[in-house]
Amino acid sequence: MSNSIVVVYRSRTGFSQRYAEWIAEELKCDLKENISLTVNDLLNYQTIIYVGGLYAFGINGINLIRRNFAALQEKNLIVCAVGATLSTDDSLVKMWESNFTKEQRKKIKRFYLRGGFDYSKLGLGNKILTSMMRIKLKNVQDPTEEEQALLNAYTESSDFTDKTYIQPVIDYVQALTA
Ligand SMILES: Cc1cc2nc3c(=O)[nH]c(=O)nc-3n(C[C@H](O)[C@H](O)[C@H](O)COP(=O)(O)O)c2cc1C
């Protein structure tokens with residue numbers, strides 16, 4: 001049974017990788033990094049758990065699931081988005097809507113896991129993007145709680161990962177495969 005579960009991750013600075021490793025360890029299942037994977041690497045599994053970092057609302061590497069959605073119709077699909085902020089319910093709704101169609105959202109069980117922010121591991125492109133976001137946020141008059149949280153998150157390195165956050169994912173998958 002455990003062979004039919006796979007955790008797939010794409011991580012730039014290590015936070016999604018850590019969650020993916022914790023989940024795979026707990027479920028004693030396969031773990032794959034989403035680098036040059038194709039849908040053929042997923043077809044042998046009945047349950048696919050995708051874990052990816054959030055970059056400007058987009059889940060890193062999620063095209064692997066999105067583009068192959070039709071071929072994965074019969075699978076149990078779970079997606080964990082890993083972000084730096086303690087997102088509000090409203091912003092999470094927007095985030096899921098910007099990543100998946102209504103039909104996809106119905107089929108995919110979705111979780112948000114809080115990651116962190118590690119400026120030192122970002123590539124040049126992301127460092128520039130981060131600086132631009134910081135400047136934009138600093139110029140916001142009367143920032144909302146969410147905007148203030150974003151600004152704080154992009155100013156200092158932080159690590160909010162916590163193994164206990166994976167428990168709802170584990171419970172969900174174990175109930176599926178019980
Ligand atoms: C350019 C950029 C954009 C980001 N956009 C978001 C975002 O929209 N929402 C969020 O919660 N975190 C955002 N983050 C923070 C990352 O999602 C966070 O650092 C996450 O833990 C990265 O996971 P990874 O190391 O597995 O890639 C952003 C970070 C960068 C550098």
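This is a predicted model: local features need pLDDT of at least 70, side-chain atom pairs count only at pLDDT 80 or more; totals for chains, interfaces and linings use all residues.
The protein contains 7 helices and 8 strands. Its C-alpha trace spans about 50 × 30 × 30 Å along the principal axes. The radius of gyration is 17 Å; a compact globule of 178 residues would have a value near 16 Å, so the two agree. Buried residues account for 30% of the 178 residues. Contacts between residues at least 6 apart in sequence were also examined, and 77% of them join residues at least 24 apart.

Leu151 lies in helix α6, which covers residues 145-153. Leu151 has 17 C-beta neighbours inside 10 Å and therefore counts as partly exposed, since a buried residue needs 20 or more. Leaving aside residues up to four places away in sequence, Leu151 touches Arg134, Leu137, Lys138 and Pro143. Leu54 is 97 residues from Leu151 in sequence, and their C-alpha atoms are 15 Å apart.

Three of these partners, Arg134, Leu137 and Lys138, belong to helix α5, which comprises residues 124-138. Helices α5 and α6 pack with their axes 10 Å apart, at an angle of about 140°. The two helices are therefore oblique to each other, because only angles over 145 degrees count as roughly antiparallel. Their crossing is left-handed. On the α6 side, the α5 residues meet Glu147, Leu150 and Leu151. By class, this contact has 3 nonpolar and 3 charged residues, and no polar ones.

Conventions. Residues are numbered from 1 along each chain as its sequence is written. Helices (H or I, at least four residues) and strands (E, at least two) are DSSP runs, numbered from the N terminus. The radius of gyration is taken over C-alpha atoms; the globule rule is 2.2 Å times the number of residues to the power 0.38. A residue is buried if 20 or more other C-beta atoms lie within 10 Å of its own, exposed if 12 or fewer, and partly exposed in between; C-beta atoms are placed from the backbone. Two residues are in contact if their C-beta atoms, placed from the backbone, lie within 7 Å. Axes are lines fitted to C-alpha atoms, for helices over the stretch in contact, and angles run from 0 to 180 degrees between N-to-C directions. Angles under 35 degrees count as roughly parallel, over 145 as roughly antiparallel, 65 to 115 as roughly perpendicular and the rest as oblique. A crossing is left-handed if the near helix is turned anticlockwise from the far one by less than a right angle, and right-handed if clockwise. Ala, Val, Leu, Ile, Met, Phe, Trp, Tyr, Cys and Pro count as nonpolar, Asp, Glu, Lys and Arg as charged, and the others, Gly among them, as polar.
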